[in-house]
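Trainee: I am new to this structure and would like to know what the terms used for it rest on.
Mentor: Then ask about the terms one by one.

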Amino acid sequence: MSDVAIESHLKKAYEHGWQTDIEQDVFPPGLDEEVIAALSGRKGEPEWLLAWRLKAYRHWLGMAEPTWAKPHHPPIDYQAISYYAAPKSKDADGPKSLDDVDPKLLETYEKLGIPLHERAALAGVAVDAVFDSVSVATTFRKQLAEVGVIFMSFSEAVREHPELVRKHLGSVVPAFDNYYAALNSAVFSDGSFVYVPKGVRCPMELSTYFRINSMNTGQFERTLIVVEDGAYVSYLEGCTAPMRDENQLHAAVVELVAEGNGEIKYSTVQNWYPGDEQGKGGIYNFVTKRGICKGRGSKISWTQVETGSAITWKYPSVILKGDDSVGEFYSVAVTNNRQMADTGTKMIHLGRNTRSTIVAKGISAGRSDSAYRGLVRINPKAEGARNHTQCDSLLLGDTCGAHTFPYIEVKNPTATVEHEATTSKVSDEQIFYLRQRGLSEEDAVNLVVNGFCKDVFKQLPMEFAVEAQKLLAVSLEGSVG
Amino acid sequence: MSAASSVTGVSGWQTGHAGWQPEATEASWLATLRRQALAAFDTTGLPTTKVEAWHYTPLRAVRDVAWTHAGGVEVGAGLTAFVDAARLPGASAELVFVDGHHVADLSRTDGLPPGAVVSLSQALAADGEAVRARLATLAPWHDAPLNALNTAFVQDGVRVHVPRRVDVPGPVHILVVGWGRDVPTVAHLRNLVVADTGSRVTVVVSFVGRPGHSVLHNVVDEVGVGADAQVTQVVLGDSPDDHLVVHRTDARLDRDARYTHQAFWLGGGLVRGEVHATHAGPGAEATLDGVFVAGSTQHVDCHTVIDHAVPRCTTREVYKGVLGGKARGVFDGTVIVRADAQQTDASQDSRNLLLSDDADANAKPTLEIYADDVKCAHGTTVGRLDPDQLAYLRMRGLPLSLARRVLIGAFVSDRVDRIAHEGLRARVAGRVEAALAALQEEA
């Protein structure tokens, strides 16, 4: 490929880099117990939740920021972040329907390609859109309610279903789990809550779109999904942020609970602003995602396509507690320019005949670094447990890095654990072959990269698979010469 | 080199090892080196499991003991007979160390030209500057606390120097004996191997010892493999279970060098075998084979770091573990491919067999890659004996115990078969078989 083509593609700008000018209710930067109390008060939270937040905050103060990850970043000034930013609503009680939502906000989502109205109706996708710190609108709520599925913003859930929230909040990711989870527990602003009752197969795919809009704000959303016995839900999550020179923090927590034979399919397309070519700006994406397969035969499947963020630090995990439960992790992580991604999964096998599959594909280009870090632990009682791990890296260019840090711990002799990893580049032969058949060099690279990611993309719901392929093209096209 | 005997706990290590004095005649550069290394150790102390490289290996058994540097040993009939039994048939030289002391009466170097293989203290006395040019040049003691201790307290060791194009016919056998005293005994040995351009040599390091005594071996090997040279290093860990063994090798491979490291860890309550190899010249090849057989409460940690600093180098790494009883096995291997190291071809393979409910296997095969035109792969498996294979053998009339023995034997034998020297291969095969038999009995 010619240098000019490479340049032009590498310079391809971040498409979602605009910001929306709407009136916002923003807290001044800073974090102390008063800020947390004010945040809690603003959301009308019950006493127990404020106490929970404060406990997490006090613990967080005594914790040290983790330094073991491959990516390193300048110290984050947690006092320079605003912990609450909400679009001001004309109606103090918040939007009742889409008509009540600020049209500018709806425009934002329009630009993002999620017209809540039409697309939701056409695609049958119910969207909960989170804008900075508050959940803006949840579509299709009525249809979902008819089958008993609860899908609403976290704050609403705290008001309307406090018993469910209280029962499950922190049950998978305890408030003190790690530095960023503790911070999230103290200051989480909003997020999504999903509850699927016994035996219900959620009739549509649920979707959340996260967007950081304001300057100097952090986004600390919290998602909690509970499926009861024999229930099923597929949940999609997407993220973007405007272009800014300074780094912004995103420290989310996602907790999944699957009871007996319940199944959760959680798909993420993460496209936070990755910073510019020089590595200026971009989102620090420090996320704790964990699910527990509580009941027998339950299943949790994580699929993620990570193309954005300056730094990603994320390990969606599954605790396989119920016998015969299944955990899956499918991941494509793409880094370009100066991005750094340290991502992977943990599969903790506790129950008998538990099975897990890990397929992780890392693609590095530019001066970026991408690392797979994963743990497979077979505990002594996990009779007959199985794991298969495949993690492959593709390097585009000779200035990037690709790393693999798998931890395999087996404490039961009946377990079968296999781990394979390879690292390679897009070979000249592959490109030559495709060029002979009339493909442009970019298309050829795209085809090879898409083929490399196929095992993961085929796990994604269709709309997401299309978006993921597009994102991949934007992130990478032309980065092979 | 050292001689003085004195009691020193770890607290002593950390406060400057007050009771220990090197010989008064020691060169000032060496005294300075010791002081610096000890100061480096004092800043870190012994690593805890919070240090990533020691994640799976707690050093309680080292930390909680007041270790003594033993004085020279009386060579009695018992020791002589013990050493004779551990001798390697066909070795071209054999140097015996008992609790850190070179025992000249039990050693021989007659099969080689003078000066090719000498004890480190002899080398220091003969040409201190030549030792100075090599000692602690390959094995860094910063951020490597046990190596820092070794550098600070090194008692003796072997210097092997193979001149240009010389092919040493039989292996050089370094026999490390933990004889033990009434008090827990520590021995710090340092072996320097220098193979000049186009030369060939095999160095065998054997750990043996007398059970019923507490011994800690802390041995560091520095191996310089010159251009086109071939160095094969075989480590046979056959200590009794009350001995602790920390063995570290730092190898540097020049252009087109061949370095083979074959480790067989069969005994020792706590074993840490580290191999650090740097590809410093294009076209070099490193082959690392490892077998560990551990039962009862043994803990074996194989730790390797292969650094591809230049293009066109190859690494082949296969470690196989057989674990029974309550043993813990660890394979922690890292391959680093630096930005310039294009056309690197590296593979890491860790295979583990669990024979009991309480044994556990831990593997961490790490790749850190900064170049794009590379072929790197790693694989790990953990499991028990294949029930189908067992059934197949039993259908053919083999009793279960024999069927198991056949399968376990086959699992490790391909590594043993790769030992080139016949006498050595027979010795290792015998010891591996004995270790597997002991494991079966335990099960």
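**Terms and what they rest on**

Trainee: What makes strand β20 (residues 355-365) of chain A largely enclosed by the rest of the structure?
Mentor: Eight of its eleven residues are buried, so β20(A) counts as largely enclosed. A residue is buried if 20 or more other C-beta atoms, placed from the backbone, lie within 10 Å of its own. Strands are DSSP runs of E with at least two residues, helices are runs of H or I with at least four, and both are numbered from the N terminus. This is a predicted model, in which local features need pLDDT of at least 70 and side-chain atom pairs count only at pLDDT 80 or more, while totals for chains, interfaces and linings use all residues. Residues are numbered from 1 along each chain as its sequence is written, and chains are lettered from A and ligands numbered from 1 in the order in which they are written.

Trainee: How do you know that β20(A) pairs with strand β17 (residues 326-335) of chain A?
Mentor: Pairing requires that DSSP finds at least two bridges between two strands. Ten bridges join β17(A) to β20(A), and the two run parallel. In β20(A), A:Lys361 is the bridge partner of A:Val332. Eleven bridges join β20(A) to β22(A), again running parallel, and A:Ile358 stands opposite A:Thr389 in β22(A).

Trainee: Why is the crossing of α3(A) and α9(A) called left-handed?
Mentor: A crossing is left-handed if the near helix is turned anticlockwise from the far one by less than a right angle, and right-handed if clockwise. α3(A) passes α9(A) in the left-handed way. Helix α3 (residues 47-61) and helix α9 (residues 179-187) of chain A pack at an angle of about 145°, with their axes 7 Å apart. Axes are lines fitted to C-alpha atoms, for helices over the stretch in contact, and angles run from 0 to 180 degrees between N-to-C directions. Among the residues that meet are A:Tyr57 and A:Trp60 in α3(A) and A:Leu183 in α9(A).

Note on methods: Contact = placed C-beta atoms within 7 Å. Buried ≥ 20, exposed ≤ 12 C-beta atoms within 10 Å, placed from the backbone.
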